[in-house]
Number of protein chains: 4
Amino acid sequence: MSGKILFQCDYNEGAHSKVLERLIATNMEQTVGYGEDPYCSAAAAKIREKCGNEDLAVHFLVGGTQTNMTVIDAALRSHQGVLCAHTGHINVHETGAVEAYGHKVLGLPSGDGKITAAQVEAAYWSHVNNDSFEHTVQPKMVYISHPTELGTIYSKDELTALSKVCRERGFYLFMDGARLGYALAAPDNDLTMADIAELCDVFYIGGTKVGALFGEAVVISNAELKQDFRYHIKQKGGMLAKGRLLGLQFDALFTDGLYEEIAAHAISLAEKLRAAFDAKGYPYLVPNRTNQIFVILPDADLDKLSEKFGFCYDSRVDETHSAVRFCTSWATKEENLKALTDALKEL
Amino acid sequence: MSGKILFQCDYNEGAHSKVLERLIATNMEQTVGYGEDPYCSAAAAKIREKCGNEDLAVHFLVGGTQTNMTVIDAALRSHQGVLCAHTGHINVHETGAVEAYGHKVLGLPSGDGKITAAQVEAAYWSHVNNDSFEHTVQPKMVYISHPTELGTIYSKDELTALSKVCRERGFYLFMDGARLGYALAAPDNDLTMADIAELCDVFYIGGTKVGALFGEAVVISNAELKQDFRYHIKQKGGMLAKGRLLGLQFDALFTDGLYEEIAAHAISLAEKLRAAFDAKGYPYLVPNRTNQIFVILPDADLDKLSEKFGFCYDSRVDETHSAVRFCTSWATKEENLKALTDALKEL
Amino acid sequence: MSGKILFQCDYNEGAHSKVLERLIATNMEQTVGYGEDPYCSAAAAKIREKCGNEDLAVHFLVGGTQTNMTVIDAALRSHQGVLCAHTGHINVHETGAVEAYGHKVLGLPSGDGKITAAQVEAAYWSHVNNDSFEHTVQPKMVYISHPTELGTIYSKDELTALSKVCRERGFYLFMDGARLGYALAAPDNDLTMADIAELCDVFYIGGTKVGALFGEAVVISNAELKQDFRYHIKQKGGMLAKGRLLGLQFDALFTDGLYEEIAAHAISLAEKLRAAFDAKGYPYLVPNRTNQIFVILPDADLDKLSEKFGFCYDSRVDETHSAVRFCTSWATKEENLKALTDALKEL
Amino acid sequence: MSGKILFQCDYNEGAHSKVLERLIATNMEQTVGYGEDPYCSAAAAKIREKCGNEDLAVHFLVGGTQTNMTVIDAALRSHQGVLCAHTGHINVHETGAVEAYGHKVLGLPSGDGKITAAQVEAAYWSHVNNDSFEHTVQPKMVYISHPTELGTIYSKDELTALSKVCRERGFYLFMDGARLGYALAAPDNDLTMADIAELCDVFYIGGTKVGALFGEAVVISNAELKQDFRYHIKQKGGMLAKGRLLGLQFDALFTDGLYEEIAAHAISLAEKLRAAFDAKGYPYLVPNRTNQIFVILPDADLDKLSEKFGFCYDSRVDETHSAVRFCTSWATKEENLKALTDALKEL
């Protein structure tokens with residue numbers, strides 16, 4: 001609409017054509033509401049199969065903030081809080097949605113958007129060894145995003161270590177997978193969705209940023225968290241009347257490997273874009289291989305690029321350089337990516 | 001899917017074809033997110049025009065419970081509550097979403113789903129004349145649904161009287177218009193959308209049940225309520241990443257009178273269905289002329305009907321009779337309605 | 001101070017002399033804070049002994065509203081609510097303190113301030129049989145006050161039946177005993193504190209209205225509710241820095257039967273006052289035998305009485321009669337009671 | 001009770017004798033409840049006079065956490081948060097009481113427990129210049145403690161600068177004065193209570209730690225914050241039934257300069273204790289001149305001291321040294337202080 005080619009985020013377009021086609025094909029069918037229709041059941045079954053676990057509870061919500069606040073408030077009692085990287089989305093970018101339901105977000109220092117098992121272990125001991133522990137919020141859940149807000153991912157070893165400490169210390173491990181597809185498609189990834197389902201108590205599979213119009217699929221393995229979950233969805237305004245819209249979209253995404261295929265497309269283009277930045281010698285805020293690239297450019301180059309391209313301003317690095325974010329996605333066109341890499345060459 | 005023809009609610013199908021076409025036509029366009037795109041602006045402008053007021057703030061949210069909790073929590077300070085009919089949706093059908101944000105719902109008795117200006121006036125005096133008024137929740141908002149949960153509507157006189165008492169007593173008047181189109185199309189309606197915008201401090205125009213896949217358009221006239229409203233949308237999980245999906249749908253609904261046209265279709269079929277019930281001599285739980293019909297049938301007749309038709313069980317009336325709800329909607333097909341009225345004749 | 005003799009409530013004076021003496025005697029002793037001092041331990045031990053159960057958790061809080069909101073929010077998850085008589089203190093007289101922590105109060109009809117096991121059973125079935133049960137708040141706790149806000153008490157049979165249904169249906173039973181002493185001292189009482197400890201999951205023993213300057217002793221028998229309770233006390237602002245002030249007062253009240261003795265004094269005077277009302281033929285709002293008397297008088301008589309005596313206006317009964325509340329307490333002087341009964345005779 | 005002399009906090013004893021005497025003298029008087037008695041009025045008048053402002057609203061609450069959560073939740077709308085030093089009591093030592101009412105605490109870095117006007121100004125711009133500002137909590141209040149949790153105090157210049165930026169940027173300035181007396185009595189103090197009343201929108205005068213059994217006097221100058229404040233006190237469980245107990249204590253403290261006198265006593269002893277630490281060459285965690293001393297000692301010396309004295313462990317400094325807190329108070333006896341300084345000499 002702006003005339004520019006947008007790389008600022010991964011939600012600038014609508015839905016993948018196969019997703020949209022399912023909505024069109026079923027539009028005038030009659031189904032019951034609130035997620036109790038056959039399309040939601042079918043999508044849930046496919047997700048359970050992909051995770052290799054018949055016992056998982058699967059629910060479909062509309063967006064990421066809604067999912068985070070619903071999962072966290074469903075899990076915690078009123079005196080409990082959630083540990084996360086201080087850069088975590090719930091801590092800095094959701095207008096206090098978690099606090100609005102009464103829970104403190106307990107930020108941990110992080111340079112790359114990730115937290116470690118050692119930090120969680122230390123947080124546990126810091127709490128229980130405090131003489132006045134009852135005067136402080138009890139940590140009970142660990143929230144991680146994967147990829148993180150900085151585009152980094154957890155290795156299988158790292159996630160296994162986090163999972164272990166959480167189980168030892170009685171913490172729930174919750175993974176925000178708003179961009180999960182892009183983590184799983186990253187060249188340096190060694191995790192499967194089945195691993196994640198096994199290592200986390202609850203996680204979600206992002207649809208909004210990976211091919212759907214909207215929608216996040218919550219997958220719960222811990223029985224304590226399964227109980228009464230639909231009450232929480234309703235209470236938090238997340239129970240879509242025409243719930244089948246969510247089921248249909250995830251059913252399409254989990255048919256014939258579409259979710260993996262379109263995530264791989266985004267990653268492939270991101271790698272090309274990284275190569276173009278590398279060729280210019282631009283440094284990165286944090287190195288990573290998912291669909292978000294945080295790169296540092298001279299302001300003059302950014303001014304030039306901004307005539308034709310949209311990107312996301314992140315932070316000032318020094319008097320003449322800034323960090324910005326470029327995103328590819330399932331929807332990014334090869335020709336648009338080429339226009340950008342060409343423009344980079346010309347700088 | 002069930003093989004039955006469903007009349008149980010007005011959200012059994014997808015979206016009106018003209019709405020869906022807009023989504024398809026724009027699917028791969030790139031726009032900015034979070035409702036700051038041109039389609040949301042265009043839809044807001046059309047709604048302002050329909051309301052005859054350039055100063056109205058218009059925001060688009062996903063669903064009804066979400067909209068109710070967002071508007072109410074945005075308006076109230078922590079010691080304040082909201083008056084409504086004890087049958088009000090917020091009081092009985094939203095899993096305590098309003099209380100979850102800290103506000104008491106103050107139910108008033110009602111036989112037909114409506115409350116009166118006199119009840120609101122009495123609630124005001126009951127509060128301020130209470131010696132211990134500070135020991136009770138301060139009423140600050142009046143919530144009405146229009147049509148109500150029982151399908152009844154407010155007349156212009158009734159709404160004017162409510163508006164007057166609210167302004168005199170410092171209460172915000174909030175109308176839940178999840179089915180607003182069906183109220184405006186009712187044969188006994190004498191209110192325009194412009195009247196509603198003038199008489200209420202905030203109301204919303206339901207899309208989910210009137211032709212959209214999902215979506216509610218919040219219209220705010222009171223300047224106090226306009227301030228900072230987008231923070232509340234975000235905090236409550238209602239800020240859709242691809243916000244244009246909402247703008248596009250409302251733009252379609254408010255183009256060439258589509259919203260009125262499809263609501264009128266539903267009402268026309270509801271009138272035919274009422275005539276069929278009248279012909280059988282079935283009484284109504286509450287008489288009304290919108291798209292929901294609460295009718296009392298012998299259980300034997302209901303058993304018979306339920307073989308082919310879906311409807312919504314409401315309540316037991318006596319040992320052999322029950323009240324049930326039949327809904328028509330923008331999506332109801334003439335042929336399906338005829339199948340139902342034929343079946344009624346055969347009972 | 002007003003020159004009138006006050007009968008309007010049971011908190012017009014300070015503390016019983018034996019309670020005050022304990023505070024004076026220990027004033028300059030040094031102890032640790034926050035309720036972890038020896039006086040709190042001693043008082044808790046005496047309460048456990050009185051209840052005949054070594055496993056009870058006992059905590060001391062400052063006031064009734066604080067105790068109600070702390071117990072209820074500690075017990076409930078966010079989608080759960082608390083059933084009570086619509087006249088219950090938490091529903092009408094605590095400025096929405098329970099809702100402020102996110103929980104809906106689910107009022108049940110009551111003429112005398114009490115609710116029945118049958119009502120609780122019906123509420124259970126009404127919830128689970130609702131097709132949309134997840135759209136409604138899940139009842140999880142039953143709150144009763146004893147004596148009730150109308151001065152009535154539960155019999156052992158009634159409390160046993162409530163306890164039974166709560167255990168069968170998975171509800172916590174919580175008794176607000178802000179005036180518990182006066183219930184136990186009532187002529188028609190057949191419950192002991194041990195019975196109450198056995199039948200309820202949690203209850204409290206009111207000090208504020210029964211001889212202490214302030215303070216409520218929470219007694220928890222259900223292990224689920226014991227866990228982490230001190231976090232909730234702190235979070236709700238109820239953890240008194242000089243916690244020993246609470247321990248000392250309850251220690252005094254539970255030494256040599258003081259609590260029972262002073263409650264019996266109040267009841268004895270209430271019975272005399274009731275006899276005086278009976279002699280005049282005044283009817284009661286609700287008949288009862290605790291320290292609160294809700295009696296209906298001609299307005300002219302009330303005007304006359306109000307010249308010398310303070311009482312609490314309750315409600316208008318008809319054009320010339322009103323219901324008012326007279327309270328006796330541990331502090332009521334025989335001579336003041338006599339002045340009132342003499343004045344009644346003269347009317 | 002422990003046989004040790006306690007210096008760990010300033011709430012180990014009861015109340016100053018003059019305070020206690022007032023409670024004893026009035027014990028059997030009858031007054032109305034909930035802070036509407038003549039003693040509360042009298043105390044409020046004395047506080048207003050001390051602040052040199054007849055228009056101040058004065059309310060009495062029981063404790064610090066309760067006061068913090070009440071003031072903050074009364075002031076903020078649901079999307080707003082409170083800025084404070086990351087060491088602020090509300091951020092680390094109140095079990096998330098502020099979050100429990102829905103508000104995020106926005107911690108700012110601080111080495112000495114204080115924050116600066118420049119930090120507040122920067123926080124303002126950081127918020128409003130954020131492209132996604134509506135996705136973040138809106139800062140609306142600045143919370144400072146005075147003395148801070150590290151015993152430091154604000155100078156008049158510093159507080160004036162904070163006040164100025166708050167007024168320019170639309171933030172409420174709230175001072176937690178749980179130990180206010182000890183700040184005003186510090187040798188390096190240049191603020192009066194009248195200055196504080198003028199520069200802050202709301203502050204409180206701590207009683208619990210300065211001579212009362214319990215109690216905090218909230219002083220409100222900003223008209224927006226005065227409105228409906230008693231509703232919030234009640235809702236948060238802070239409205240003491242026998243409210244006069246608070247009025248009587250503050251009346252005593254504000255008669256004949258008692259509050260200043262007893263604070264000066266504590267400071268005088270703290271200065272002596274500091275001299276004793278200085279003589280040993282012990283360094284301080286943060287230098288300060290109020291009643292809390294954070295001093296760093298060899299662990300061996302601490303072991304020795306702990307045989308006779310109670311103090312508060314703060315943090316490990318290195319393998320052989322720890323930081324600990326010693327407090328003096330209104331109640332500290334000269335002889336006990338001498339025992340401690342003698343013991344220090346012998347180390």
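A:Asp342 comes out as partly exposed, at 24% relative accessibility. Keep in mind that this is a predicted model. A:Asp342 has a salt-bridge partner, A:Lys338, with N and O 3.0 Å apart, and that pair is a handy way into the rest of the charged contacts.

**The A:Asp342 pair**
- A:Asp342 and A:Lys338 both sit in helix α15 of chain A (residues 334-346), 4 residues apart, so about one helical turn separates them.
- A:Lys338 is exposed, with a relative accessible area of 51%; the cut-off for that label is over 50%.

**Salt bridges across chain A**
- Side chains of opposite charge can pair when their charged atoms come close.
- Over all chains, the tally is 72 salt bridges.
- One of them joins A:Glu260 to A:Lys50, where the closest N and O atoms are 2.5 Å apart.
- A:Glu260 belongs to helix α13 (residues 258-280) and A:Lys50 to helix α2 (residues 38-51), both of chain A, so this pair ties together parts 210 residues apart in sequence.
- Both ends are partly exposed: A:Glu260 has 34% relative accessibility, and A:Lys50 has 37%.
- A:Lys114 and A:Glu158 also meet through their side chains, at 2.8 Å from N to O.
- Here a loop is tied to a helix: A:Lys114 is in the loop between β4 (105-108) and α6 (117-128) of chain A, while A:Glu158 is in helix α7 (residues 156-169), and the parts they link are 44 residues apart in sequence.
- A:Lys114 is buried at 14% relative accessibility, whereas A:Glu158 is partly exposed at 34%.
- There's a network too: salt bridges link A:Arg22, A:Lys46 and A:Asp251.

**Over in chain D: D:Thr136**
- D:Thr136 lies in the chain D loop that runs between α6 (117-128) and β5 (138-145).
- With a relative accessible area of 11%, D:Thr136 counts as buried, because the cut-off for that label is under 20%.
- Setting aside neighbours within four places in sequence, D:Thr136 touches residues of chains A, B and D: A:Val92, A:Thr95, B:Tyr231, D:His127 and D:Asn130.
- The side chain of D:Thr136 also reaches the backbone oxygen of D:Phe133, at 2.8 Å.
- As for D:Gln227, it is 91 residues from D:Thr136 in sequence, and the two C-alpha atoms are 27 Å apart in space.

Definitions and conventions
Residues numbered from 1 in each chain as written. Chains lettered and ligands numbered in written order. Predicted model: local features only at pLDDT ≥ 70, side-chain atom pairs only at ≥ 80, totals over all residues. Heavy atoms only, no water. Helix = DSSP H or I, 4+ residues; strand = E, 2+ residues; numbered from the N terminus. Buried < 20%, exposed > 50% of the residue type's maximum accessible area, 1.4 Å probe, protein only. Contact = heavy atoms within 4.5 Å. Polar contact = N/O pair within 3.5 Å; in protein donor to acceptor, adjacent residues only side chain to side chain. Salt bridge = Lys/Arg side-chain N within 4 Å of Asp/Glu carboxyl O.
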